[in-house]
Amino acid sequence: MSQIKNQKKMEKFDIVSNVIITLFALLNLFPLYWLVTSSLKNSSDVVKMPPDWWPKSFTFSNYVDIFQSQPALRWTFNSIFVSGATTVLVIVIGSMAAYAFSKINFKFRNIIYVIFVSSLMIPKEIMIVPLFRIVQNFDMVNAYGGMIWPNVAGAFGVFLLKGFFDTTPNALREAARIDGASEWRTFTRIMLPIVKPGIGALFILNFVQVWNDYLWQLVVGQEKLMKTLMVGTATLMQDLNPNFAYKMAGATVAAIPMLIIFILFQRYFTSGITAGAVKE
Amino acid sequence: MKLRRNIYAKENMTGYLFILPQMLVFLMFLVYPIFEGIRLSMYRINYQNEKFVGFENYMILFNDPVFFKALINTVVFVVFIVILTVGFALFVASAVFDKNARYVSFIRGSYYIPVMVSMVVMSMVWSFLLNPANGLISYFARDMGLGAINLLGNPKTVMPVIIFVTFATNVGQAIILYIAAMIGVPKDLFEAAEVDGASRWQVIRKILIPSVKPTTVYITIINIIAVLKIFVVIQLLTGGGPNNASVTLMYYLYNNAFKYNQLGVASAVGVIMFVITLLLSVPQLKSMLQDK
């Protein structure tokens, strides 16, 4: 009897929580809805009170404006190039190191690995002064090099990929060695293809992270043409242009690639984010 | 015997060659800046010259009321955001983890999308929503008879608003982590609980929350560190104001470095933050390196 009562209470609690959670989820998405619809309104409709919940007349003029009055195309290119190049470098050098830490027995391997992983928690933002001076010495302020290299230095790629290499059988490497394959060949031809899912997850996580990076790119890309899309878009907020629809259009342009990536690659996020945090 | 030593040497050599590229960038852009930062924190730096001043920069910090304001604000941010994030994410994950897959991925997605589109974009939208002249939230406030309000311009409301915006934008990651951890909890535990007639609340309290404790620790630590470096939302929403009511350590560091040209003082802030981060991350690193 009490069991049935309990069951009922349990269901009620569960239903109420899920209704609340769903409502909150929708509420959570509302700012994005407001962002996109505002960007499609004209400059007077966007600040109209009471507001139009759905644009009365659609206009793309804010988007045209962004690309004409601001170097938004160049910003987009900068973002794609910086995120892409950083990510490729992270994968190339990170997978090499991860393979070595996982499969090759060299001296001090564990100590070096511990040092690498210890850096995972340290945000580069707090080292921004020395980092900026180093980049300055390399003459890489306002240059792609300065925007890329500090982002390559982190050890997250090594940590994530080592987890994937660890799951591959050692016998494969030994067999390849007996057949006379060099270490490099074993790595590129046999091991890398096996850890493709790991590389996929790393690619997406890293690309998104660099794309959304703000503080470092703000400091290092000071010339207007060397800004990334995030930094360039943020400058619209200080812009004297009173048209909010125009600013929202800028923010939408910065957000859309990420939304597309998320929709296409949702499962990679779960596997990448949970690496190292959740044991299954 | 000699052959064996050769193989050893060769294995060592190959290993080092494989880690060399990563090692070089790591040393250059991560290890070196740490030591350089510590060194710079003891120098007074002008445009061209540096002068050793010992702990003077730290003394400057401890005599600056704005630094203490930033420190207190940062601690308040950390405490509230972490509690909100862990509490709410636990609530969401424990309620949805055993539901059907499509619903779970809807919840995961709708809370994670703001994380994806970045703090910059979300700050811009919130700045628009909160704008005292023409923002939606201000309109609602007027509509409900609260009069003209300026949530970001009021020293009393600015912190809660920023805490909420940051929490709402970032909670998605914690939700994903908790759902993944809860899906991994062995099924027989729930079955046993069902046989015993445990209520859902008891299941959550006695089985779920203890089972995901490592995830809770991880979420707490990464969130503390993330909040510690909170910057964008401050720059785009308040600029640290009104009257330094929302200035944070990271924002204070940035201003000193790139506005007031106080590189030595900024480095000292960086060193303090580095020590805090290091102390916080020790337990997590231990667990990451142990159970492999």
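Over all chains, the structure holds 46 aromatic pairs; rings of Phe, Tyr and Trp (its six-membered ring) pair if their centres lie within 6.5 Å, and planes under 30 degrees apart count as stacked, over 60 as edge-to-face and the rest as tilted. This is a predicted model, in which local features need pLDDT of at least 70 and side-chain atom pairs count only at pLDDT 80 or more, while totals for chains, interfaces and linings use all residues. Residues are numbered from 1 along each chain as its sequence is written, chains are lettered from A, and side-chain values use heavy atoms, with hydrogens and water left out.

**Aromatic pairs and cluster**

- The pair of Phe138(A) and Phe29(B) is tilted, because the ring centres are 6.3 Å apart and the planes stand at 45°.
- Phe138(A) lies in the loop between helix H5 (128–137) and helix H6 (144–152) of chain A, and Phe29(B) in helix H1 (residues 2–40) of chain B, so this pair joins two chains. Helices are DSSP runs (H or I, at least four residues), numbered from the N terminus.
- Phe138(A) is partly exposed at 44% relative accessibility, whereas Phe29(B) is buried at 6%. Buried means under 20% relative accessible area, exposed over 50%, and partly exposed in between (1.4 Å probe, protein chains only).
- Tyr43(B) and Phe52(B) form an edge-to-face pair, 5.5 Å centre to centre with 80° between the planes. Phe52(B) counts as exposed, at 53% relative accessibility.
- One aromatic cluster is formed by Phe24(A), Phe88(B), Phe91(B), Tyr111(B), Trp126(B), Phe164(B) and Phe167(B).

**Charges over rings**

- Arg39(B) lies over the face of Tyr43(B), 4.9 Å from the ring centre. The criterion is NZ of Lys or CZ of Arg within 6 Å of the ring centre and within 35 degrees of the ring normal.
- The charged end of Lys247(A) sits over the ring of Phe244(A), at 5.4 Å from its centre.

**A buried lysine**

- Lys162(A), in helix H7 (residues 156–166) of chain A, is buried with a relative accessible area of 11%.
- Apart from neighbours within four places in sequence, Lys162(A) is in contact (heavy atoms within 4.5 Å) with Ala98(A), Phe101(A), Ser102(A) and Tyr113(A).

**Helix packing in chain A**

- Helix H8 (residues 170–178) and helix H9 (residues 183–194) of chain A pack at about 145°, with their axes 10 Å apart. Axes are lines fitted to C-alpha atoms over the stretch in contact, and angles run from 0 to 180 degrees between N-to-C directions.
- H8(A) contributes Leu172(A), Arg173(A), Ala176(A) and Arg177(A) to the contact, and H9(A) contributes Glu183(A), Thr186(A), Ile190(A), Met191(A) and Ile194(A).
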